[in-house]
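Morning, everyone. Have a look at the model first.

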Amino acid sequence: MSSNEKKRLRDRRSQQTLREKKLRHATQLEEQVAHCEQHHSDQGVQRLLQVIEGLRKQNEALLTRQRSLKLLVNSWETEIDEPAATDDSSHDLSSLYKEMSNREAQFSLQTNFNELIPQHGISNILNPPMSAAPTPPQFQSPSLEPLTAETTPLWNQIPPHTDDFSTRTMISCPWFVYPELIFPCPDTPSSPLDFIYGTKTNPLADMIHTALQRRPVRDPERLGTGWLAYHYSRWVIAPSPETYGRLPAFLRPVQGQITVPHPLVLDFMPWPRLRLNLIRRWHLYSKHRDDLFGFMACCVKIRWPWNETILERNERNELCINKAFYEVFMSESGWGLTPEFIRRYPDLVEGMDINQIMIELL
């Protein structure tokens, strides 16, 4: 062979070797991309980050457990006696109001209801309930031990909950048992009819509708309660500035909700003081929770006339929430309690202005 032929042969072998090397490299890259797409999706990474953050906050909570338990034991010594629940409808409401007014001053010194809470953790949906609680029980007044400043933004401050979402036997908030279904749901439901009649396209709205069906609730309360529960649940499952911003001011966590782990359903109450009263005395009501929530469902009302519609049609001829009705149930003053509830559970409205919260059904 001539020198030119030998050179061409060497060039062909070199080019063939280079092509084979490029092909092997491309095959390896394709395999890596396929593996990443299968095992490293955005949703999976988000959940792992939540688990890591929850474990980190759990470690911080364990460091303060001993001190908080000591404060808890001290608070039991000053705990109020058992609630005197009664069905006596003849009880004088004016004397009850006078008694509540006398308690107002003392109660206001114990709890600051208007101060938003710095929180020590994120949603513990993927963690065990009590062991992963960001902050241990603590009943002492915030003024006795000032809270330190936290760098966690308000939208990422989820109150600690005691619910066991690893089981399928939940009575309240059963939708949190299925995070894989409610996580992809939109931040805002597409139609208010989802809460009144249910839906097959939005699992979160449909499960809230099913839960409300267990109670004798009118359509205005069904829509208002469902709307608030939906947006609060979206914030808990996917905390962000947007989901937090959709919550009305009265539904956002206040001073006291963050100090004691409690059932998540208590955070849905439209009155901050009622939420804190329930949290402080949950050890007295937990065994009769179904009776309490059943009676409350009959007594919590929206200040909306019976003959006024709650829906209206937009420019696309779609049914949407009446703007005036939306403004009512998105404000704390738009909700009321019947005198029957106030008479039966006076300790739960302690520190509240009865004239403002009471509603008489005509």
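A cavity here is a set of points, on a 1 Å grid over the protein atoms alone, where a 1.4 Å probe fits but cannot get out, and lining residues have an atom within 4 Å of a point. Two ground rules. This is a predicted model, with local features needing pLDDT of at least 70, side-chain atom pairs counting only at pLDDT 80 or more, and totals for chains, interfaces and linings using all residues. Numbering runs from 1 along each chain as its sequence is written, and side-chain values use heavy atoms, without hydrogens and water.

Now the largest cavity. Its lining has 26 residues, and nearest the centre lie Leu212, Thr225, Val265, Phe268 and Met269. Which elements give two or more residues to that lining? They are H7, H8 and helix H12 (289–299); helices are DSSP runs of H or I, at least four residues, numbered from the N terminus. H8 gives the most, five residues.

On to the helix pair. H7 (residues 203–212) and H8 (residues 219–237) pack at about 135°, axes 10 Å apart. Axes are lines fitted to C-alpha atoms over the stretch in contact, and angles run from 0 to 180 degrees between N-to-C directions. Contact means heavy atoms within 4.5 Å. H7 brings Leu204, Ala205, Ile208 and Leu212. H8 residues in the contact include Thr225, Ala229 and Tyr230.

Leu212 and Thr225, then, belong to the helix contact and to the cavity lining.

How values were computed
On a 1 Å grid over the protein atoms alone, a cavity is a set of points where a 1.4 Å probe fits but cannot get out, and a pocket is an open set with protein on both sides within 12 Å along at least five of seven lines; lining residues have an atom within 4 Å of a point.
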